[in-house]
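Thanks for coming, everyone. Please have the sequence and the model open. I will keep this short.

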Amino acid sequence: MRSVVLALAFLIYSSLHAAPPSPTCTEEAQTYDSKVVLCAIPQLTETRSYRFIARFSGGHDDTRASIQTSLDGRPLTCEDGSKTESFAEDGDISLNCRFVLSGAPGIHPSLRVTVRWSHAEYTNFELEGL
């Protein structure tokens, strides 16, 4: 009986402290030097921070890279400390946009990110909840 009570307590605790659902991202379009990523963010019940990261390799003196973000069709301003463009960096390059979304019933935000690069190799992207 004690093990049943402990198992039930664990299940209740786990459900109350479960991680929110993760965003789902898809590549909408791609060319030789650009990519458009669309991320569906699940409905939020509380304010949550996110960071979109785009990674590149092979940077050198004439490399350019940038990310441009929008939320539900409107430009999204990244928080201070974000890095949305790069020029002439050597080696591996990482760009990021940090932003905060407020929870609201019935709202399912859609993040669109346009990634552009030249004279580098795009490697991957990630959208993480912070």
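Let me begin with one definition: contact means heavy atoms within 4.5 Å. Take proline 109 with that in mind. Leaving aside neighbours within four places in sequence, proline 109 is in contact with Cys39, Ala40, Ile41, Pro42, Leu71, Asp72 and Leu101.

Now, what are we looking at? This is a predicted model, where local features need pLDDT of at least 70, side-chain atom pairs count only at pLDDT 80 or more, and totals for chains, interfaces and linings use all residues. Residues are numbered from 1 along each chain as its sequence is written, and side-chain values use heavy atoms, with hydrogens and water left out.

Next, the overall layout. The protein has 1 helix and 9 strands. Helices (H or I, at least four residues) and strands (E, at least two) are DSSP runs, numbered from the N terminus. From that end on, the order is α-β-β-β-β-β-β-β-β-β. Among contacts between residues at least 6 apart in sequence, 75% join residues at least 24 apart.

A word on burial. Buried means under 20% relative accessible area, exposed means over 50%, and partly exposed is in between (1.4 Å probe, protein chains only). Of the 130 residues in the protein, 33% are buried.

Back to proline 109. The loop between E7 and E8 holds proline 109. Is proline 109 buried or exposed? Proline 109 counts as buried, because its relative accessibility is 7%. Proline 23 is 86 residues away from proline 109 along the chain, yet their C-alpha atoms are separated by 9.7 Å.

On to the sheet. Strands of a sheet pair through backbone hydrogen bonds, either parallel or antiparallel. Here, 3 strands form an open sheet in the order E7-E3-E9, with antiparallel pairing. Two strands pair if DSSP finds at least two bridges between them. Which strands stand at the edges? They are E7 (91–101) and E9 (121–129); each has a single partner strand, so one side of each is left without a neighbour in the sheet. Strand E3 (residues 48–59) and E7 pair over 10 bridges. Look at glycine 59: opposite it stands glycine 91 in E7.

Now the inside. In soluble globular proteins, nonpolar side chains tend to be buried together. A nonpolar core is a set of buried Ala, Val, Leu, Ile, Met, Phe, Trp, Tyr and Cys residues joined through side-chain atoms within 4.5 Å. The largest one here has 25 residues. Phe52, Phe56, Ile67, Phe99, Leu111 and Val115 have the most contacts inside it. Strands E2 (34–40), E3, E4 (64–71), E7, E8 (110–118) and E9 each supply at least two residues of this core. E7 gives the most, with 5 residues.

Then the aromatic rings. Rings of Phe, Tyr and Trp (its six-membered ring) pair if their centres lie within 6.5 Å; planes under 30 degrees apart count as stacked, over 60 as edge-to-face, and the rest as tilted. How many aromatic pairs does the whole structure have? A search finds 5. One of them joins phenylalanine 52 and phenylalanine 125, stacked at 5.7 Å centre to centre, with 10° between the planes. Phenylalanine 52 lies in E3 and phenylalanine 125 in E9, so the pair ties together parts 73 residues apart in sequence. Phenylalanine 52 is buried, at 0% relative accessibility.

Tryptophan 117 and tyrosine 122 have ring centres 5.1 Å apart and planes at 20°, so that pair is stacked too. Tryptophan 117 is buried at 8%, and tyrosine 122 is buried at 14%. Together with Phe56, Trp117 and Tyr122 form one aromatic cluster. Beyond its near sequence neighbours (within four places), phenylalanine 56 is in contact with several residues, including Ala65, Gly91, Ile93 and Val115.

Last, two backbone angles. Most residues other than glycine have a negative phi, and most peptide bonds are trans. Aspartate 72 has a positive phi, near 50°. Aspartate 72 is in the loop between E4 and E5 (74–75), and is partly exposed at 38% relative accessibility. Histidine 119 also has a positive phi, near 60°. The loop between E8 and E9 holds histidine 119, which is partly exposed at 48%.

That is the tour. Over to you.
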